[in-house]
Amino acid sequence: SCLEGGYLFVGPEGVGKRKAALALAEALNCAEAKTDSCGNCASCRKIKNNQHPDVHIISNAEPQIKIDVIRQLQKDINLKAYEGVFKVFIIDNAHTLTAQAENSLLKILEEPPKKSLIILISDKPNLLFKTIISRCKVLKFIPLKRGLFEGTLRKDDKLDTGFARVLAYYAEGRLGRALKLMDEDI
C-alpha cells in the first residue's frame with residue numbers, strides 16, 4: 001500500500017496533527033467502512049480509547065523519548081497485526097527523541113515492514129535529524145482562517161454564533177486548542 005512507511009505531521013501546536021494521526025489509524029483499521037472510519041465499530045472505539053493492540057501512541061512523559069522506547073517499537077512493528085489491518089505507531093513530540101533514538105528509528109524508516117505506519121508529530125521539526133525528515137512523507141498542518149473556523153464550529157459543534165466567534169478568536173484557527181478550551185469550559 002502507498003500508505004506504508006513513515007510520515008511527519010508538522011505544524012503549530014494544537015492545530016490537529018494528533019487528531020489527524022488517530023483518524024488515519026481508525027480509517028486504516030476500521031472493520032466497517034470502506035474508505036473512511038465509521039467511528040462506531042469495535043476497532044474505532046478501541047483506537048479512540050487508546051486500547052487497540054495495533055495502534056501505539058508514544059508520548060513523552062519525560063523531557064526526551066529515549067532509545068529503549070524505539071527499541072520496543074522495533075520489536076512490536078515486526079510482529080503481525082493482532083486485530084487490525086495496519087500496525088500504526090504515532091510518535092508525539094518527535095522532536096524530543098534523543099540522538100540515539102533517532103538513529104535507531106532511521107533503521108526502521110529505511111525499510112519499514114509491510115502493513116505498518118509510523119507517524120511522527122512535531123511542532124519543531126527543525127530539531128529532528130534531516131535524515132529522519134528525508135525518509136518521511138511530510139504533511140504540513142496550518143491553522144484555519146478565523147471565518148471558516150468559526151463557521152465550522154457553529155455547524156459541526158453546534159455552537160451559538162457568539163461563542164463560536166470567541167472560541168475561533170482565542171483558538172487562532174487551531175482545532176486542538178479549540179477542543180481544549182471547550183473542555184476547560186471557558
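Two strands are taken to pair if DSSP finds at least two bridges between them, and the strands themselves (E, at least two residues) and the helices (H or I, at least four) are DSSP runs numbered from the N terminus. The model described here is predicted, so that local features need pLDDT of at least 70 and side-chain atom pairs count only at pLDDT 80 or more, while totals for chains, interfaces and linings use all residues. Residues are numbered from 1 along each chain as its sequence is written, and side-chain values use heavy atoms, with hydrogens and water left out.

Five strands form an open sheet in the order 2-3-4-1-5, with parallel pairing. Strand 2 (55-58) and strand 5 stand at the edges with a single partner strand each, so one side of each has no neighbour in the sheet. From one strand to the next the twist averages 20°, where angles run from 0 to 180 degrees between N-to-C directions and axes are lines fitted to C-alpha atoms, for helices over the stretch in contact.

Six of the six residues of strand 1 (residues 5-10) are buried, that is, under 20% relative accessible area with a 1.4 Å probe and protein chains only. The pairings of strand 1 are set out below.

Gly6, in turn, stands opposite Ile118 in strand 4. Helix 1 (residues 17-29) lies across strand 1, strand 2, strand 3 (87-91) and strand 4, and runs at about 170° to strand 4.

**Helix 6 and helix 7**

The axes of helix 6 (residues 146-156) and helix 7 (residues 161-171) come within 9 Å and cross at roughly 135°. The two helices are therefore oblique to each other, a class left over once angles under 35 degrees (roughly parallel), over 145 (roughly antiparallel) and 65 to 115 (roughly perpendicular) are set aside.

In helix 6, Arg146, Phe149, Glu150, Leu153 and Arg154 meet residues of helix 7 that include Thr161, Ala164, Leu167 and Ala168, contact meaning heavy atoms within 4.5 Å.

Leu153, which lies in helix 6, is buried, with a relative accessible area of 1%. Beyond its neighbours within four places in sequence, Leu153 is in contact with Lys158, Leu159, Ala164, Leu167, Ala168 and Ala178. Between Leu153 and Ala168, which are 15 residues apart in sequence, the C-alpha to C-alpha distance is 7.8 Å.

Conventions
Buried < 20%, exposed > 50% of the residue type's maximum accessible area, 1.4 Å probe, protein only.
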